[in-house]
Amino acid sequence: RGPVTKIATQAGFTLFTIVIALLSLFFFLRDGASLSEPARSVLGLPKSAWDRLLKRLHDTVHAVFVGTVLVAIVQGSIIGFTYAFLN
């Protein structure tokens, strides 16, 4: 296999992964509330444990998102100040 074949294969796999991710995101956003109860019953968790799990998941996703944005702002600021200082 040549390098062009490897690149084409990887590009196809990446495109396939993006399509699957976007389709999953669409259906989870559209039907997420109605999927909660069947998922809880499959897992066999009591309602209180399920609610705690969802709350913790929400808090974790929110913290990761906010942390990522804040780190990007800090890194951008440091790079900007450094560039302005050295220029």
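**View 1. Lys-47 and Asp-51 lie 4 residues apart in helix α2 (residues 47-86), so about one helical turn separates them.** The model is predicted: local features need pLDDT of at least 70, side-chain atom pairs count only at pLDDT 80 or more, and totals for chains, interfaces and linings use all residues. Residues are numbered from 1 along each chain as its sequence is written, and side-chain values use heavy atoms, with hydrogens and water left out. Helices are DSSP runs of H or I with at least four residues, strands are runs of E with at least two, and both are numbered from the N terminus. The side chains of Lys-47 and Asp-51 form a salt bridge with an N to O distance of 3.4 Å. A salt bridge here is a side-chain nitrogen of Lys or Arg within 4 Å of a carboxyl oxygen of Asp or Glu. Asp-51 has a relative accessible area of 37% and is partly exposed; buried means under 20%, exposed over 50%, and partly exposed in between (1.4 Å probe, protein chains only).

**View 2. Lys-55 and Asp-59 form a salt bridge in which N and O are 2.9 Å apart.** Both residues belong to helix α2, where a spacing of 4 residues puts about one helical turn between them. Asp-59 is partly exposed at 35% relative accessible area.

**View 3. Glu-37 and Arg-40 are joined by a salt bridge, with 2.8 Å between the closest N and O atoms.** Both lie in helix α1, 3 residues or about one turn of the helix apart. Arg-40 is buried, with a relative accessible area of 17%, whereas Glu-37 is partly exposed at 42%. The structure holds 4 salt bridges.

**View 4. Eight residues form a nonpolar surface patch of about 790 Å²: Phe-13, Leu-15, Phe-16, Val-19, Ile-20, Leu-23, Phe-26 and Phe-27.** Patches consist of residues with over 30% relative accessible area and no salt bridge; nonpolar side chains (Val, Leu, Ile, Met, Phe, Trp, Tyr) are joined within 5 Å, like charges within 9 Å. Areas come from the Shrake-Rupley method with a 1.4 Å probe; for residues, only the protein chains shown count as cover. Val-19, one of the patch residues, lies in helix α1 (residues 3-43). Val-19 is partly exposed, with a relative accessible area of 41%.

View 5. Ala-84 belongs to helix α2 and counts as exposed at 54% relative accessibility. For Pro-38 and Phe-85, the sequence separation is 47 residues and the C-alpha to C-alpha distance 57 Å. Pro-38 is in helix α1 and is partly exposed at 41%.

**View 6. The whole chain has 2 helices and 0 strands.** Its radius of gyration is 21 Å, well over the 12 Å that the globule rule gives for 87 residues, so the chain is more spread out than a compact globule. The radius is taken over C-alpha atoms, and the rule is 2.2 Å times the number of residues to the power 0.38. The C-alpha trace spans about 60 × 45 × 20 Å along its principal axes. Of the 87 residues, 3% count as buried.
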